[in-house]
Amino acid sequence: MLRHASQYMIASVIAAVFGFLGTATFTRLLSPGDYGVYVIGVGMAGFVSSILFTWIRFSVMRLQSEGGQQDLRATALVGYGISAAAAPLLFPVMMQLEVRGWQEVGCAIVLALGIGLVELGQEIMRARFQVREFAIGAALQAILSFGFCLAAIELGWGGLGLLAGSALAYYVSAAFSARTIWRGPRAKADLDQLRLFFRLGFVFTITGFVYTFQCSMDRLFLAWHSGEAFSGLYGASADLTRQIIQMPAGSIAAAAF
């Protein structure tokens, strides 16, 4: 437990350090309004990701960790494909609910797909006790996100550039970890297992959505009521708090799960 927690702690510290650097750097290079676009986009991505992919992640965590000859990777990948195919259906819904531009909503959905893919892979590695690979992938994602977002700002892409850079970091990180996560031999996708995923994941999807909504509604409300700049100022402060607390709490929780 302590050995695994210490390895997760390394990944959490690296992610928190680059998250702190990112917040400190991006808030100085961007206006509060541009940073607010990023904060709102991340909030929307969290909504979409929780709706589409929570059922897969928690089902994998619950069933894959039983060990033995259990191999749910192909089934989980099929489930991810089904949810990803449904993502365009959320586009008009998000446009109406959040009253945002199509570019911002589109970037948020693309980011959500990347988040879902990376988190699915992380759950598989964690359930199979591939702790070292998990830590490397998580650290790589944090470093790439900082680098890509900084490049987007230098190119003058503003808040949308931060969303695009974050999304690109997730996809590159997923590609890096793909050989560890998806290498054969793999069991074939099982329709009965997929049905079990749906049954187990339904409640988790509801609770995941409620939790994500609770974490994001303050920023989204500020954006609706007072504009992107207020949401950006508040989001920067909240991000610093989250990055500090996630180092001990995230590493211990990851090992316990």
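## Overview

Of the 257 residues in the protein, 47% are buried (buried means under 20% relative accessible area, exposed over 50%, and partly exposed in between, with a 1.4 Å probe and protein chains only). The model is predicted, so that local features need pLDDT of at least 70 and side-chain atom pairs count only at pLDDT 80 or more, while totals for chains, interfaces and linings use all residues. Residues are numbered from 1 along each chain as its sequence is written, and side-chain values use heavy atoms, with hydrogens and water left out.

## Exercise 1: Secondary structure

Task: State how many helices and strands there are in the protein, and give the order of the elements.

Solution. Begin with the definition: helices (H or I, at least four residues) and strands (E, at least two) are DSSP runs, numbered from the N terminus. On this basis the protein has 8 helices and 0 strands. Read from the N terminus, the elements follow the order α-α-α-α-α-α-α-α.

## Exercise 2: Helix packing

Task: Describe how helix α6 is oriented towards α5, towards α2 and towards α4.

Solution. Two packed helices are described by the angle between their axes and the distance between the axes. Axes are lines fitted to C-alpha atoms, for helices over the stretch in contact, and angles run from 0 to 180 degrees between N-to-C directions. Angles under 35 degrees count as roughly parallel, over 145 as roughly antiparallel, 65 to 115 as roughly perpendicular and the rest as oblique. A crossing is left-handed if the near helix is turned anticlockwise from the far one by less than a right angle, and right-handed if clockwise.

1. Helix α5 (residues 131–154) and helix α6 (residues 158–182) have axes that come within 7 Å and cross at roughly 150 degrees. Helix α5 is therefore roughly antiparallel to α6. Their crossing is right-handed.
2. For α2 and α6, the axes are 7 Å apart and the packing angle is about 40 degrees. These two helices are therefore oblique to each other, and the crossing of α2 and α6 is right-handed.
3. For α4 and α6, the axes are 9 Å apart and the angle is about 25 degrees. Helix α4 is therefore roughly parallel to α6. The crossing of α4 and α6 is left-handed.

## Exercise 3: Salt bridges

Task: Find the salt-bridge partners of Arg-57 among Glu-119 and Glu-123, and explain which parts of the sequence these pairs tie together.

Solution. Side chains of opposite charge can pair when their charged atoms come close. A salt bridge is a side-chain nitrogen of Lys or Arg within 4 Å of a carboxyl oxygen of Asp or Glu.

1. The whole structure contains 5 salt bridges.
2. In one of them, Arg-57 pairs with Glu-119, and the closest N and O atoms are 3.1 Å apart. Because Arg-57 lies in helix α2 (residues 32–64) and Glu-119 in helix α4 (residues 102–127), this pair ties together parts that are 62 residues apart in sequence.
3. Glu-119 is partly exposed, at 25% relative accessibility, whereas Arg-57 is buried, at 15%.
4. Arg-57 also forms a salt bridge with Glu-123, at 3.8 Å from N to O. Since Glu-123 is in helix α4 and Arg-57 in helix α2, the pair ties together parts that are 66 residues apart in sequence. Arg-57 and Glu-123 are both buried.
5. A network of salt bridges links Arg-57, Glu-119, Glu-123 and Arg-126.
6. A further salt bridge joins Arg-73 to Asp-71, at 3.0 Å from N to O. Arg-73 is buried, at 3% relative accessibility, and Asp-71 is buried, at 12%.

## Exercise 4: The nonpolar patch

Task: Which helix gives the most residues to the nonpolar patch?

Solution. Patches are made of residues with over 30% relative accessible area and no salt bridge, in which like charges are joined within 9 Å and nonpolar side chains (Val, Leu, Ile, Met, Phe, Trp, Tyr) within 5 Å. Accessible areas come from the Shrake-Rupley method with a 1.4 Å probe, and for residues only the protein chains shown count as cover.

1. Ile-51, Phe-202, Val-203, Ile-206, Phe-209, Val-210, Phe-213 and Met-217 make a nonpolar surface patch of about 730 Å².
2. Helix α7 (residues 191–226) gives the most to this patch, with 7 residues.
3. Met-217 is in helix α7 and is partly exposed, at 41% relative accessibility.

## Exercise 5: A loop residue

Task: Is Phe-129 buried or exposed, and where is Phe-129 found?

Solution. Phe-129 is in the loop between α4 and α5. With a relative accessible area of 59%, Phe-129 is exposed. The phi angle of Phe-129 is near 60 degrees, a positive value in a residue other than glycine.
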